[in-house]
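Morning, everyone. I have one structure to go through today, and I will keep it short. Please have it open while I talk.

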Amino acid sequence: MQLRNELVRVEADRTGTTIDNLKRAFLENLYYVQGKPPALATLNDYYMALAHTVRDRIMQRWNNSAITYTENQSRTVCYLSAEFLMGPHLGNNLINLGLYEPMKQAIDELGINFDELIEEEGEPGLGNGGLGRLAACYLDSLAALEIPTMGYGIRYEFGIFKQDIRDGWQVEITDKWLRNGNPWELARPEWTVSIPFGGHTESYRNSQGVYRARWVPAWEVKGVPYDTPTLGYKVNTANTLRLWKAEAPESFDFQAFNTGDYYGAVNAKVVSENITKVLYPNDDEIQGKVLRLQQQFFFVSCSLQDMIRIMKGQKIPMERFHEKFAVQLNDTHPAIAVAELMRLLVDQEFLGWDEAWAITQNTLAYTNHTLLPEALERWQIDLFRDLLPRHLEIIYEINQRFMDDVRVKFIDDDARLARMSLIDESGERYVRMANLACVGSHAINGVAALHSELLKQTVLKDFYEYSPEKFSNKTNGVTPRRFMVLSNPRLTQLITDRIGSGWITDLEQLRQLEQFIDDPAFCQQWRSIKQAIKQDLADSIQKDYGVDVSIDSIFDIQVKRIHEYKRQHLNLLHIITLYNRIKANPNIDITPRTFLFGGKAAPGYFMAKLMIKLVSAVSEVINRDPDVRGRIKVVFLKNYNVKFAQHVYPAADLSEQISTAGKEASGTGNMKFAMNGALTIGTLDGANVEIMEQAGEENFFLFGLTAEEVRERKARGYDPKAYYNANPNLQLVIDRIASGFFSHGDKTLFQPIVDNLMQSDPYLLFADYQSYVECQDRVAEAYRDQDKWTRMSILNAARMGMFSSDRSIQEYCDDIWNVKPVTVKETEGFCSAT
Ligand code: 475
């Protein structure tokens, strides 16, 4: 029984794009989907009606993409990531559909404020920061470049917590992002899979008398896929983000009903569904909790089983898995895929070990996102065996063969063998996930040039020496659709008026802006746009925090997760230095500044939370001291997320990228600021190196030690007290904090920060302090020459072409995935391409 595709007429109310079509569609969705007459509709009802109107206009592309990929058996990229930080969908989808302006007109004509509806959308905060947001930018570029793609991840019921600030301290509030329903996803219960856990393994003889291994799990969980379309910019491609929700199998209930253990059944259900309950709120740190390993295995097994289902649906033999799919591991969070793909191919599909291993290696590739030792994932052997007994056996088998190969290549080098082993046996035994990812992949990459070099010299040195051909660099990028076109419409209009709209899909074209840097009219427009955007942010700061900030001050912004290595407290040392100058001489001539901070601290990261409190404490003193006369202001902006970020980047004059050199793998906020015309003050760390290269040294405020110098300084024995003793300004700053000046006389409150800096200063704030302050003085000086500053601002934006995620993704496609675009055809009025 099959309905012929051609018979499915798609009505104009669902696809039409004239202003009248859009108005009718909106009202119809309000009435029939939200079930509200206009008189009873809330703002959220309007938002939902609008979202459904947009979703209807996505459906044809989504269905046509699915049909095209199925008919062509297209080679497909699978991006496996424990986090996808997508941001609000509505505006972005309208941009990608090319319907932003007509929809705005339609809604405004109905007498409803369109911008308010855009602001009404919450965001799915299914990520912590850089890594999760990168995954989202990559899905955007993959669709824009018409690459068949599945994003695979976890549908957390609670995403990253909402941050409130009370009495200067961070307070975490659960993020109930699904409360009002999610119009952008479709559940696909028909593709539910079953995920085994625990139990034991046994061997058995198959019908040919061959011994095989079998996993006898103790319990299982269902994985239900929820799909969200990801559109390409003005193309017909609509790919899929498939997120898995854990559900208890129904058999639990029946069994329990029969045995009378009702409580036990409900409890089993709770345990199962806990797996996708909450996102771990740690950025750049691991926690070794069994629930986290359950999450990782759960979404990896769901995704790989889904790929196998697709292969079978398209009647592609399993030997060709690596020809059908290129699977990218976003850090080691999905690295269990190495063992799980082996299990599925060997135990379930009955391939031989060697063939399965070749397929696995050819399929998988691994991206590393951090050098921080505390972020290297490892699992206690006992915990691992209890949850995944068969995978531990497989890992032992992989390891034995791998160790044999290493032994031959590096003869008599036991220390090397011990370092490269998939099992850490130096004390308590652990499975090392980075080693597993390296061995099981054909390609390994870092996320900025410096980071990729450091990987080869440090954490992955042995693996580089063993297989150098696997290693490459893929410098991160960000999508200009969300971070310029959507978030900065005024700048987008100015640029497009001058150079056309080609830059939106070919960001190198921004270079054409260089011809206007001596055009006074253009520079004036550029500057007044920045001022207007600063005014908008100033208004919202006044409204939300009651703080007046002047748009003639430098908007000096540091927004990112709060972490010692990112050094928000170095920024504070500079702020207190300026304050001390004012206190010493209230009539001093200083360039006015507005210092804005934003970012979340991991709930268990005491020092990071204390850093937030210190920002608040300093801001309280400075903002109300009459001597300051409003020349410097400090505000901590709460609950920094993608939605808010879109308002922040366009308003910045100065972007703070001040991590200790060698610690920030890439950074991506640095790129978003610069392409919106902010100048950067930064260290030679992560992608800052390449940003400076592109912008030109004369358009970048560089300070601090290099990664190499940091290493030497530490090797020599770093003594922060020597810097303190030698620098009276630094001394005064630290003493003021320690004296309780910023804490109502309480000398103990900030003592952990002071002690940490004075006694060990692991991130070398003191070593970089003087250089940073001098560099900030150059910033202040430069800002006084507005013509010059504007030229530098234009040149920064004009030269950021390489930081489009389109460029990054093109490199992944060419060098790692070996995948080509597939054009999805436009059809009219019918759902089928045939
Ligand atoms: C880097 N997150 C940035 C960005 O490549 C880089 C770690 C463990 C558990 C959960 N989340 C993490 C990260 O490691 C992370 O976000 N890393 C970041 O990846 C994209 O630009 O420098 O710190």
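Let me start at one side chain, Trp 817. Leaving aside residues up to four places away in sequence, Trp 817 touches Arg 75, Val 77, Tyr 79, Leu 142, Ala 326, Gln 328, Ile 809 and Tyr 812. One caution before going on: this is a predicted model.

Trp 817 also belongs to the largest nonpolar core, which has 109 residues. Trp 817 is among the residues with the most contacts inside that core, along with Leu 80, Phe 298, Met 307, Phe 321 and Phe 384. Which helix gives this core its largest share? That is α10, residues 290-313, with eleven residues. Apart from this core lies another, of 89 residues, including Ala 448, Tyr 640, Ala 687 and Leu 795. As background, nonpolar side chains in soluble globular proteins tend to be buried together.

Next, a helix. Is α17, residues 433-440, largely enclosed or largely open? Eight of its eight residues are buried, so α17 is largely enclosed by the rest of the structure. The buried residues of α17 include Met 433, Leu 436 and Val 439, and also Asn 435 and Gly 440.

Now a charged residue, Glu 656, which sits in strand β21, residues 654-657. Buried or exposed? With a relative accessible area of 0%, and buried meaning under 20%, Glu 656 counts as buried. What does Glu 656 touch, not counting residues up to four places away in sequence? The list is Asp 556, Ile 557, Gln 558, Lys 560, Asn 571, Ile 681, Tyr 772 and Gln 776. Glu 656 and Leu 679 are 23 residues apart along the chain, and their C-alpha atoms are separated by 8.9 Å.

Stepping back to the whole chain: there are 34 helices and 23 strands. The C-alpha trace spans about 90 × 75 × 60 Å along its principal axes. For 834 residues, a compact globule would have a radius of gyration near 28 Å, and the chain agrees, because its value is 28 Å. Of the 834 residues, 60% are buried. Among contacts with a separation of 6 or more, 77% come from residues 24 or more positions apart.

Last, the surface and the charges. The accessible surface comes to about 32500 Å², and carbon and sulfur atoms account for 50% of it. The chain has 91 positive and 110 negative charges, and their mean positions are 1 Å apart.

That is what I have. Questions are welcome.

Technical notes: Residues numbered from 1 in each chain as written. Predicted model: local features only at pLDDT ≥ 70, side-chain atom pairs only at ≥ 80, totals over all residues. Heavy atoms only, no water. Helix = DSSP H or I, 4+ residues; strand = E, 2+ residues; numbered from the N terminus. Rg over C-alpha atoms; globule rule 2.2 N^0.38 Å. Buried < 20%, exposed > 50% of the residue type's maximum accessible area, 1.4 Å probe, protein only. Contact = heavy atoms within 4.5 Å. Areas by Shrake-Rupley, 256 points an atom, 1.4 Å probe, with all protein chains shown as cover. Lys, Arg positive; Asp, Glu negative; His and termini not counted. Charge placed at Lys NZ, Arg CZ, Asp CG, Glu CD. Core = buried A, V, L, I, M, F, W, Y, C linked by side-chain atoms within 4.5 Å.
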